[in-house]
Structures are given as structure tokens and as C-alpha cells.
Amino acid sequence: MTYRSPRGTYDVYPGGGQSQEPHERPELWAWAEGVARDFFRRYNYTEVRTPVFEEAQLFIRSVGEASDIVRKEMFVFHDQGGRELSLRPEGTAGVVRAYIEHGLYKLAQPVKIWYMGPMFRHERQQKGRYRQHVQIGTEVLGSADPLVDVEVISLLYAIHQALGVKDELVYLNNLGDLETRRRYVPELRRYLDEHESELDPDSKARIETNPLRTFDSKDKNTQALLAEAPKVGDFLSEEATGYFDAVKGGLEAVGVPYAVDERLVRGLDYYTMTVFEAKSAALGAQDTVGGGGRYNDLVEELGGPDMPGIGFGTGVERILLAANAPEEGAKLDVFFVTLAPEARLPAFRLAGALRAEGLACDLDYADRSAKGQFRQADRAGARYAVVIGDEELAAGVCSLRDMTTGEQRTVPVAEGTEELLRALGA
Ligand code: HAM
């Protein structure tokens with residue numbers, strides 16, 4: 001009996017070489033997370049961690065009953081107390097729940113939040129689409145300043161660019177406020193009703209429940225029909241149009257490349273006003289690297305005060321697929337090569353002393369010959385090998401070998417690690 005990881009999931013593991021997908025390589029995760037963290041520090045965002053499961057109702061209320069996520073993709077289960085819970089399909093609902101639960105609206109606004117963690121959607125697996133994926137996300141709550149929209153979008157773009165996402169363009173739309181939607185949706189529905197027989201079955205089913213989502217149809221006929229459909233842009237209030245102009249002007253001022261896409265509606269129901277998706281032409285079918293938008297009614301909808309919000313979520317797997325992944329650099333400073341059993345404990349202690357100074361060290365735990373240990377030092381990408389045998393032990397020294405040049409020198413260690421640290425350039 002052997003086991004495999006569940007369908008739609010993957011492992012991050014060492015040593016897979018060329019056959020490994022970028023998101024299976026551990027060092028790329030550390031790199032991506034480090035880059036993102038540094039941007040969040042510079043933009044003054046605070047990390048928030050919420051549970052990976054919540055009451056299912058939280059997602060149903062926020063993401064929307066008619067959305068694909070709630071209709072077919074949630075991992076719902078009952079706990080032993082009979083409560084209906086769901087693994088989180090996305091991060092916004094949990095963050096907004098926490099914002100309300102802990103009264104964060106009483107802090108100085110806006111509250112700028114970031115998070116990173118796994119999300120769960122029961123989707124058909126393909127390249128760039130998994131049942132467990134990891135999002136880096138932000139939520140900015142408590143401000144309806146269009147410059148916040150510009151900050152959130154440009155932060156998403158900056159992180160992508162720092163991670164080397166290729167051929168990226170941000171698609172932008174404005175869905176208007178509820179009033180706009182109230183005027184627009186019946187017009188769209190009327191148009192779809194008139195052409196019902198020409199629509200694909202999925203889109204047909206959506207006329208009643210969620211007509212905006214017909215814009216996501218991949219069906220050629222439906223797409224052609226929708227090209228002629230009424231556009232939400234024609235229904236925007238003066239205020240929403242002015243807001244959209246301010247966001248566009250801001251993106252131009254900071255040099256984020258964007259294109260207005262009047263058919264962009266997004267797959268979650270909580271959006272109002274600004275919506276956006278960052279796509280990479282380097283990806284295949286799943287080309288959306290990140291997306292987000294405003295949700296000015298969601299906090300109130302979930303039982304909080306009337307507070308606006310905006311955020312983005314970006315899939316780390318897709319970032320890594322769309323990026324120029326860096327080649328692995330040297331990982332270890334020192335690998336210890338011991339030539340006699342008595343040298344092992346002194347080597348182990350020396351490794352501990354170097355680790356305490358911040359150096360990355362390792363030693364042999366597989367009873368290798370001297371030659372095998374040097375080979376292992378090489379495989380591990382060590383900059384130096386520290387060699388200890390009977391002679392070194394007797395003299396209170398070690399031999400330090402530069403693994404690139406092969407140069408070897410003797411360094412005293414009986415009095416402490418100072419000289420060794422200097423020789424290692426630490
Ligand atoms: P979303 O567009 O559903 O938005 O997901 C955000 C990103 O997560 C996508 O652009 C994609 O990169 C990644 N993603 C989503 N599903 C999968 C999957 N099955 N496999 C791999 N990657 C995936 C949200 O989730 C919103 N919460 C974003 C947001 C934050 N809006 C406002 N604030």
C-alpha cells in the first residue's frame with residue numbers, strides 16, 4: 001500500500017532538480033515570501049493570521065451564494081458539534097470577520113493588512129490551478145480614497161515585478177456602487193434574455209442568478225454576443241466615473257501598465273467600484289497572477305459598521321510559474337569533513353559555535369569516507385570545507401578548504417573561533 005498526495009495538491013521538497021515545478025522548490029518559497037514581506041514593511045502593512053477554516057456561512061454571505069466558489073468549490077464539513085464549517089476558499093472574508101470581531105475599525109483608519117497562507121478550492125486541476133494554493137494578500141479597510149486603490153494595485157505590481165513576473169499587464173474596471181448595479185443588471189438581463197437561445201448552457205443558467213458572471217464564459221458565441229451587450233461603464237454615476245478617473249490617473253502617475261477591460265467582473269460577489277486582475281502573457285490558460293478590488297459594502301454586510309475596503313490576492317504558485325526563478329545560490333557556509341571518529345564531537349561543537357554566529361553549517365551523518373564527505377560538501381553547495389583529523393586535533397587547528405578554488409590553509413581553533421570566523425569572511 002503506498003500513498004500519494006491528494007488530487008490537486010503538491011509537495012515542496014528538496015533535490016527534485018529539473019523535473020521539479022518552480023512551486024515545488026523550497027528555496028523559491030523562502031525567496032518569494034521574503035520579497036513580499038519586505039514590500040509590506042516598506043508600505044506599512046501589518047500581518048494578520050486567521051484560521052484556515054471558518055463558519056461556512058461567512059463565505060456564503062461574502063463570496064456569494066451564486067458564485068462558482070460557493071456553488072461547487074468549497075470544502076465544507078461538519079465538526080463534532082454539528083457546526084457547518086468550510087476550509088477557506090479565499091482570504092478576504094476571514095480578515096473582514098477579524099476586523100469586525102476585534103473592533104479594528106476603532107483604530108486609526110485605514111488599517112492596512114497583509115497575509116499569506118493556503119486557500120482551498122475544489123477545482124479541476126491543471127497547470128496553475130490547484131485544490132490547495134497559497135495566496136499572498138492585502139486588505140486595506142476604512143478608507144475610500146482612490147489613492148488607496150492606486151497603492152494596492154501598484155503594490156501588487158511591484159511585488160510581481162520584484163519576483164520577475166514576465167509580460168504583465170493590469171486589467172481594470174469599475175463596477176460602480178450598488179445603485180449603479182441596480183440600474184445596470186436588469187438591462188444586462190434583458191439583453192441576455194433576448195439572446196437566450198444563443199448562449200452556452202452555463203451562461204443561460206446564470207441569467208437569473210448572476211448575470212454579470214456570463215462575461216467569464218469561454219464560449220466563443222457567448223463571447224461574441226457579450227461584446228455587444230450593455231456595458232457597466234455606461235451606467236456609472238458621475239461620482240463613480242470621477243473615482244475611476246482618479247484611479248487611472250494615479251496608476252499613470254506611478255507607471256503601472258494597465259488596460260481598461262469593461263467586461264472584467266471577477267468571480268466573487270462582494271466587489272463594488274474598482275476591480276482589477278494582473279495577467280501574465282507568459283502563462284497559459286490560468287494567466288491571472290493576482291486580482292482584487294473594492295468591497296465597500298462587505299463590512300456592513302457581515303455585521304460591522306459602514307466601512308469601505310479594498311485588497312488583492314495573488315497566487316504564489318502562479319507567480320513562480322510566470323517568473324524568472326533564480327538559480328539556486330550557495331546554501332551552506334561550511335561542511336565539516338572528519339577524518340577520525342574522535343573528530344566528530346569537536347566538529348559538532350565547532351559547527352554549533354559557527355551557527356551561533358549566524359553561519360550555515362552541516363556535517364556528515366551517513367558514515368561517509370573522507371572522499372564521500374567532500375563530495376557531499378560539494379553537493380550541498382558549501383563554500384568551505386572544514387577538515388578535522390587526528391593531526392588537527394593534536395595541534396588544536398582545522399584545515400580550511402575553499403571549495404571553489406581548492407585552496408587549503410590551517411587555522412587555529414584551540415583558543416576559540418575568532419580566527420576561523422575571520423578566515424570565513426564572517
Ligand atoms: P481570486 O481572484 O479568487 O481573488 O484569487 C486570487 C488569486 O489567487 C488568483 O489571481 C490566482 O493567482 C490565485 N488562485 C485562485 N484560485 C487558485 C487555484 N485554484 N490554484 C492556484 N491559484 C489560484 C480572491 O481570492 C480575493 N480574496 C482577492 C481579494 C482580496 N479581493 C479583495 N481582497
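The second largest pocket of this predicted model has a volume of about 540 Å³. A pocket is here an open set of points, on a 1 Å grid over the protein atoms alone, with protein on both sides within 12 Å along at least five of seven lines, and lining residues have an atom within 4 Å of a point. Grid points are joined across faces, edges and corners, and the volume is the space filled by probe spheres set on the points. The lining holds 26 residues, of which Leu 178, Arg 181, Asp 269, Tyr 270 and Tyr 271 are the closest to the pocket centre. Two or more lining residues come from each of helix H2 (56-63), helix H6 (178-194) and helix H10 (298-301). Helices (H or I, at least four residues) and strands (E, at least two) are DSSP runs, numbered from the N terminus. H6 gives the largest share of the lining, five residues. By residue class, the lining divides into 11 nonpolar, five polar and 10 charged residues; Ala, Val, Leu, Ile, Met, Phe, Trp, Tyr, Cys and Pro count as nonpolar, Asp, Glu, Lys and Arg as charged, and the others, Gly among them, as polar.

Residues are numbered from 1 along each chain as its sequence is written. Local features need pLDDT of at least 70 and side-chain atom pairs count only at pLDDT 80 or more, whereas totals for chains, interfaces and linings use all residues; side-chain values use heavy atoms, with hydrogens and water left out.

The term denotes a side-chain nitrogen of Lys or Arg within 4 Å of a carboxyl oxygen of Asp or Glu. Because Arg 182 and Glu 179 are three residues apart in helix H6, about one helical turn separates them. Arg 182 counts as exposed, at 54% relative accessibility, while Glu 179 is partly exposed, with a relative accessible area of 42%. Buried means under 20% relative accessible area, exposed over 50%, and partly exposed in between (1.4 Å probe, protein chains only). Arg 189, found in helix H6, is partly exposed at 23% relative accessibility.

In helix H4 (residues 92-101), Glu 101 and Arg 97 are four residues apart, or about one helical turn, and their side chains meet in a salt bridge (2.8 Å, N to O). Glu 101 is exposed at 53% relative accessibility. Asp 149 forms a salt bridge with Arg 294, with the closest N and O atoms 2.9 Å apart. This pair links distant parts of the chain, since Asp 149 lies in helix H5 (residues 146-162) and Arg 294 in strand E10 (residues 288-294), 145 residues apart. Both Asp 149 and Arg 294 are buried. A network of salt bridges links Asp 68, Arg 71, Arg 206, Arg 213 and Asp 216.

Val 256 is placed in the loop between helix H9 (238-254) and strand E8 (258-260) and is buried, at 5% relative accessibility. The C-alpha atoms of Val 256 and Glu 168 are separated by 9.8 Å, although the two residues are 88 residues apart along the chain.

Definitions and conventions: On a 1 Å grid over the protein atoms alone, a cavity is a set of points where a 1.4 Å probe fits but cannot get out, and a pocket is an open set with protein on both sides within 12 Å along at least five of seven lines; lining residues have an atom within 4 Å of a point.
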